[in-house]
Amino acid sequence: MKSSKLTKKNIKHLSKLAGLKLTETELKKFPKQLSAILAYVESLNKLDTKKIEPTAQITGLENITREDKPGESLTTNEVLSNTKKKSRNFFVTKAILEK
Amino acid sequence: MNIDQLTIIKAQGGLKKKEFSSLELVEGYLKNIKKKNPQLNAFITLCEKKALLEAKKADKLISQGVKKSLLGIPMAFKDNFLTKGIKTTAASRVLQNYIPVYDATVVDKLKKAGVIILGKTNMDAWAHGSSGEASDFEVTRNPYDRNKVPGGSSSGSATAVASGMTLAATGTDTGGSIRQPASFCNVVGLKPTYGRVSRYGIIAMASSLDAIGHLTKTVADSALLLGIMAGQDKFDATTSPSPVGDYLKNIKKSVKNIKIGVPKEYFREGLEQNVKSKIKAALKEFEKLGVKVEEVSLPHTEYALAVYYIIQPAEVSSNLARYDGIRYGLGRKMFAGEAKRRIMLGTFTLSSGYWEAYYLKAMKARTLIKEDFDKVFKKVDALITPVSPTLPFKIGEKTADPLKMYLSDIYTVTANLAGIPGISIPAGFVNNLPVGMQILGPHFSEDLLFRLAYHYEQKTEFYKKNTNLIN
């Protein structure tokens, strides 16, 4: 792991990937703040983890399944109740493909 | 009825003996909220009308002889618990108008047990924070000193319980968000074992770390609530099938000859001297109870916070990706600074070319941290540590430096990484400010944690020493 310094350009690119709009102040502050956090977490470089297995599920549960049968569910009206824009029984989104 | 000294168990008794009605109880808390909340800002939403209506219904059921464990008991819910028909914001502008159409599993369980919802409590937005200052709905204040933070992210829940605005409140704990505010506000905060309590219907922060718990005045109240909230849930595949204990029934069992470890890594530089001396004094009390105390080592402790601040933002960025403003919520333009910071960090560490160096590395280091605990719990039954390295700090003191704020979580993140349970209980005061102590145990050892905490609480009764509350 090389020590990473995030530049303003990196931050702009990341914000695009994350779908975020940053304010001018954030654009100014984030390179320094995020680089400081990365420098801190890079202390892990001191650890030899070559032979260590990663942990994702901490209590060791595996393959928890349930029967696939229909049960109670929300009504269409309930599902649509918090949207700003709907058309009949659908959510309205921006077009992804042009006509 | 003296609300300031009331606990859930006392209230149950009072309702049973008809010393007061549920309506009087709910009115009493609403009165306290009206008096204190304008200064403390512990609530985002109040459910006054509904609560009064529910209280009248509860009184009717009580008079008909209906028995439910929490019938007519008022509680507050952290604002990241989905409550059907009640606005749920996670203290973020993104969800400022969001009205859930279903209840979280634990909300459903508590309602079925008879709980009345007083309101929804303030928090750091999305549970990102250690002070309550990252709320999009104004900071919550510490009831022991209004210029100090109440801790976070369950800031409103801690303040509300401490200042007598509710009997108990729910919380979520991803890196200390129940235990640290409990410690700053002289209340009991439980972070159960990962998967002990269902996460279904609770706004996700970091899914491999999130634990669902509660803040109460006493240990017995905490045990009572866990008995109701815990258990396997078909809607959360990470909930454990292991049986839920009768926590309250076992609480008085002797703790003689139980072995407690004191991890030396938790008492090094960075820990304020006056906090340290309170924990040392608490250990002496435990020895008087016949508990054996010995020093132990958790050698990978120094890496825990680094592991946490890789895994947590990574999972945050993934969980917050769903807020696109299409199905619900106001969209990504409404995210405030701290959420943006964490989304950006997570986006970076999960991006192509960096994932292995950061996220995978952190997951491997997480294994080492878990193994530290596995080894130490072969030698001792439980561990005692401070909750926070400092006393409650000043509002504004750490907001300009995120890394400094993150360091507040140094003694609490380990339990989330290892998935083990932890309880924060009052351990005294320094300059009229509360100090908390943390007891940690192996997976599913809540029973033992309650016993240890209960016996210490019976000897010290710091929860009764709330006379230096300023309002």
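1. Helix H2 of chain A, residues 24–41, passes helix H10 of chain B in a left-handed crossing, a term used when the near helix is turned anticlockwise from the far one by less than a right angle. This is a predicted model, in which local features need pLDDT of at least 70 and side-chain atom pairs count only at pLDDT 80 or more, while totals for chains, interfaces and linings use all residues. Residues are numbered from 1 along each chain as its sequence is written, and chains are lettered from A in the order in which they are written.

2. The axes of H2(A) and H10(B), lines fitted to C-alpha atoms over the stretch in contact, lie 8 Å apart at an angle of about 130°. The two helices are therefore oblique to each other, since angles between N-to-C directions, from 0 to 180 degrees, count as roughly parallel under 35, roughly antiparallel over 145, roughly perpendicular from 65 to 115 and oblique otherwise.

3. A:Ile37, A:Tyr40 and A:Val41 of H2(A) meet B:Ala306, B:Tyr309 and B:Ile310 of H10(B), where contact requires C-beta atoms, placed from the backbone, within 7 Å. These residues divide into 6 nonpolar, no polar and no charged (nonpolar: Ala, Val, Leu, Ile, Met, Phe, Trp, Tyr, Cys and Pro; charged: Asp, Glu, Lys and Arg; polar: the others, Gly among them).

4. B:Val307, also in H10(B), counts as buried because 27 C-beta neighbours lie inside 10 Å, the cut-offs within that distance being 20 or more for buried, 12 or fewer for exposed, and partly exposed in between. Among the residues that B:Val307 touches, leaving out those up to four places away in sequence, are A:Leu44 and B:Ile369.

Key
Helix = DSSP H or I, 4+ residues; strand = E, 2+ residues; numbered from the N terminus. Contact = placed C-beta atoms within 7 Å.
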